[in-house]
Amino acid sequence: MKLYLVIPCYNEEAVLPETRARLTEKMKGLIAAGRISPDSRIVFVNDGSKDKTWELISAYHTEDPLVSGVCLSRNRGHQNALLCGLLTVKDLCDATVSMDADLQDDINVIDSMLDEYEKGIDVVYGARSSRATDSAFKRFTAEGFYKLMKSMGADIVFNSADCRLLSRRALDGLSEFGEVNLFLRGMVPMVGYPSSVVYYERHERFAGESKYPLKKMLNFAFEGITSLSVKPIRFISGAGLLFLLGSFAAFVVWLVRLCMGLGFSSVSFLSCLLLLVGGVLTLSVGLVGEYVGKVYLESKHRPRFIVSEFLNE
């Protein structure tokens, strides 16, 4: 089989030499063992990096035809860069394996993915076997995110990221999805076809800085929720009904106390109620606006990425 590794890169100058060395050794070992074709490739996708990432990729391609490169015209974000790499090579290979460039994903999981592929599995998810290396806060928030996504109705593999194998058939299915707001962890399960999960230990980043600080992780999580589920909007309807009933109950209590001649500070009560309802309404309008904004972006049909250069000879 012809395998293409797809590795999104953004400002990975510090880690790229080691990543290239380890992946090259791994691929050559698989080729020598007869598990993959000599025409297999490692495809680094440069997501508009501001450092020497693309210069390094170009040099590696000149030195070794096993290394290929895709350069986006500008920075489009991890999900767009990954999708760009997958769709650019989908007609050139039998399957792809995607991984991050920071060497946190265990490259030896490729063997397990190939085992599943040889059984006829089209989609093989790489999932973390544990989060022992994470801080308590990160572990709590990450696992809470996956549980929240499940509760929202999203079909997402627990503790999986973007390390996965996709057959050509699965890639063709993924290419049918035309949305601009991308959340591949939720989109890939929608493709269908036989799937399985392999587990691995995730390592510390080899070098360089994380491309997903807390703020970006929160944005990524919100993007995933609003891209895959409309339940938050339904919660607004439920909250509106709840406040309507609460307001009616408060009015009844106020009327009863008034008839009984009991003291009742209606001004304080109504002020608190108005502040509470006003806060909920403001939050609700913002949430609805988020969905309207996504519809607006989708309606423009802008390209999700533009490839400026593809090195694959």
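Strand 3 and strand 8 (residues 307–311) run antiparallel and are joined by 4 bridges; strands count as paired if DSSP finds at least two bridges between them. Strands (E, at least two residues) and helices (H or I, at least four) are DSSP runs, numbered from the N terminus. Leu72 stands opposite Val307 in strand 8. The model is a predicted one, in which local features need pLDDT of at least 70 and side-chain atom pairs count only at pLDDT 80 or more, while totals for chains, interfaces and linings use all residues. Residues are numbered from 1 along each chain as its sequence is written, and side-chain values use heavy atoms, with hydrogens and water left out.

Strand 3 also pairs with strand 2 (residues 41–46): the two run parallel, with 5 bridges between them. Val45 has Val70 of strand 3 as its bridge partner. Between these strands the chain passes through helix 2, and the resulting β-α-β crossover is right-handed, meaning that, with the strands pointing away from the viewer, the path from the first strand over the helix to the second runs clockwise.

How many residues of strand 3 (residues 67–72) are buried? The count is 6 of the 6, so the strand is largely enclosed by the rest of the structure. Here buried means under 20% relative accessible area, exposed over 50%, and partly exposed in between, with a 1.4 Å probe and protein chains only. Val67, Gly69 and Cys71 point one way from the strand, and Ser68, Val70 and Leu72 point the other way.

Helix 2 (residues 53–63) contains Tyr60. This tyrosine counts as buried because its relative accessibility is 8%. Beyond its neighbours within four places in sequence, Tyr60 is in contact (heavy atoms within 4.5 Å) with Leu16, Pro17, Arg20 and Val67. Tyr60 and Arg20 are 40 residues apart along the chain, yet their C-alpha atoms are separated by 8.2 Å.

Arg20 belongs to helix 1, where the buried residues include Leu16, Thr19, Leu23 and Leu30. The cover over the buried residues of helix 1 includes strand 1 (3–9), strand 2, helix 2, strand 3 and helix 4 (109–118). Helix 1 (residues 16–32) has 17 residues and reaches 24 Å from its first C-alpha to its last, close to the expected 24 Å; the expected span is 1.5 Å times one less than the number of residues. After helix 1 comes Gly34, with a positive phi near 75°.

The largest nonpolar core has 33 residues, and Leu3, Leu5, Ile7 and Phe44 have the most contacts inside it. Such a core is a set of buried Ala, Val, Leu, Ile, Met, Phe, Trp, Tyr and Cys residues joined through side-chain atoms within 4.5 Å. Leaving aside neighbours within four places in sequence, Phe44 is in contact with residues including Ile7, Leu16, Ile57 and Val70.

Leu82 is one of the buried residues of helix 3. Helix 3 is mostly covered, with 11 of its 12 residues buried. From first C-alpha to last, helix 3 (residues 78–89) reaches 17 Å, close to the 16 Å expected.

Cys93 counts as buried because its relative accessibility is 1%, and Cys163 is buried with a relative accessible area of 1%. A disulfide is a covalent bond between the sulfur atoms of two cysteines. With a disulfide taken as a pair of cysteine sulfur atoms within 2.5 Å, the count comes to 0.
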